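Let's walk through this structure together, starting at the ligand and then turning to a few residues with telling backbone or side-chain details. Have the viewer open as you read.

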Amino acid sequence: MSDAELADLKRLVLRLTGIALGDAKRPLLVMRLADRLAHHRLGSFAEYLELIEREGADGPEIGAMIHRVTTHKTDFFREPHHFDYLNDVVLPAALANGCRKPRIWCAAASTGEEPYSLAMVLAGFARRHAGVRPNLLATDIDAKVIETAERGVYGVERMAGVPSSLWQPHVDMGKGKYTGQVRMSPALREMISFRTLNLTDDSWPIEAGFDAIFCRNVLIYFDPETREQIVARLKAMLKPGGWLMLGHAETLQRQSVHFERCRPTIYRLADTSPAAADNQHAGTNERRWPGDPALQRVEIVVGDVHASETPTQVRTLLGSCVSVALWDDVSGIGGMNHFLVPGMSDDGPPGRFGGHALDLLLAQLAELGARPRRLRAKIFGGARTLRSDMGVGEENIAFARSYLEGAGIPIVSERCGGDAALEVYFQTHDGRAFCRRRYGTFAPAGEVRPPRIEFPVLPGSGPRPAQR
Ligand SMILES: C[S@@+](CC[C@H](N)C(=O)[O-])C[C@H]1O[C@@H](n2cnc3c(N)ncnc32)[C@H](O)[C@@H]1O
């Protein structure tokens, strides 16, 4: 492949796929495209490029070329923390917002390992939450990999390293001449719509409103400008408050102003809807924060933990989730978490995530210097925010109580249950908590309640101890 042929091929690939090939790819391209030259009995790459130009954008050869210039490396449960996050945070949040048909988009699906891993998590979640019917869209530019994905048949060795509890319930094991192969279950295959889609196309024939988009390990192939444009368009496809998952080597640049970075490679779109604005208090609306305005203010959402040694108000909004607040009166160190017990992974014991949220809070407090034996607890939340989830809030409360009992931490007060969301402001230094019910957002259908705001102060530790 001459320099001129390589330059022409790079331009063509950039125009068709957005992929910016480096000069170092020349040997790879020669190797991958050699069979296409042989197939068409062509003597040079220049002739091959002419053929593609002649056939045009809808010609039969373009697909074969795209298949050879794209990289399809993928695995089941690749970068596994994203799948835990989907299970533990994204899906519970959708449910807490009343969404029973969460929509997920896997935007560079390759041969299907990624969308099937997502579908396994979604199926597990749907099994534990009656009436939840997730929907998964899986797209890729390459029609050939999408064909493989749709078939859903893999060598069992592709599951190496993945706990069998995650995949075995969702596959049919091959027998006879199919021994050594697994086929994705009909339930998984039905959950996913497979389509070819070029992320650099001017328009995407897809309905917006995804709860999460997995666009992993594809942006790295584009130049920075293309990357920015695609992220801006992915943003428009998300629901307010939706999540964007990127690959391990990918980060947001200019578009990051619209997103909050929740974890490395996990971003959440800011929720600017009127409902969110009402529920958000944020530091921008000072009057909504009760108590001393001089206090440091921190907001947490589901999955978060915040502990502090300096006087801080930790605010959160709870539906059926639970927050446990802990504080040590003597040192003035305290903190709060926000978690949901159901939605645990299939591979862990019940309460794995809740236990983790409490372990983390205790560890942070200990690191800051709080003494475990001086800790006292308050529990908030666990409301019945959805009719069909009658037991979820109760389960969360029961879990928090039993964990605290096991840890020997006295519970001094609870503000739990009910059928409305609860807004909590917990003061880490003195254990005081301001709560108000938020009717309207979560009230059961058909029941109209006047907006009611109350700020009862839950008993804290009283006056500061003399030794402080
Ligand atoms: C390295 S694989 C990543 C697969 C999977 N997301 C993962 O992380 O395991 C990259 C995929 O992006 C696809 N791709 C490349 N350019 C694309 C484009 N312009 N539009 C859509 N998909 C593209 C490739 O066909 C390939 O399947």
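A polar contact here is a pair of N or O atoms within 3.5 Å; within protein, one must be able to donate a hydrogen and the other to accept it, and residues adjacent in sequence count only if both atoms are side-chain atoms. With that in hand, look at Ala108: one of its backbone N or O atoms lies 2.7 Å from a nitrogen atom of the ligand. Taken alone, the ligand exposes 600 Å², and the protein buries 99% of that (areas by the Shrake-Rupley method with a 1.4 Å probe).

A word on what you are viewing: this is a predicted model, in which local features need pLDDT of at least 70 and side-chain atom pairs count only at pLDDT 80 or more, while totals for chains, interfaces and linings use all residues. Residues are numbered from 1 along each chain as its sequence is written, and side-chain values use heavy atoms, with hydrogens and water left out.

Now widen the view around the ligand.

Next, the backbone. Most residues other than glycine have a negative phi. Arg41, however, has a positive phi of about 50°, and Ser110 also has a positive phi, near 50°. Arg41 is found in the loop between helix H2 (26–39) and helix H3 (45–55), and Ser110 in the loop between strand S1 (103–106) and helix H6 (113–128). Helices (H or I, at least four residues) and strands (E, at least two) are DSSP runs, numbered from the N terminus.

Are these two residues buried or exposed? Arg41 is exposed, with a relative accessible area of 76%, whereas Ser110 is buried at 5%. Buried means under 20% relative accessible area, exposed over 50%, and partly exposed in between (1.4 Å probe, protein chains only).

Finally, visit Thr17, found in helix H1 (residues 3–17) and buried at 2% relative accessible area. Its side chain reaches the backbone oxygen of Val13 at 2.7 Å, and a polar atom of the Thr17 side chain lies 3.0 Å from the backbone nitrogen of Ile19.
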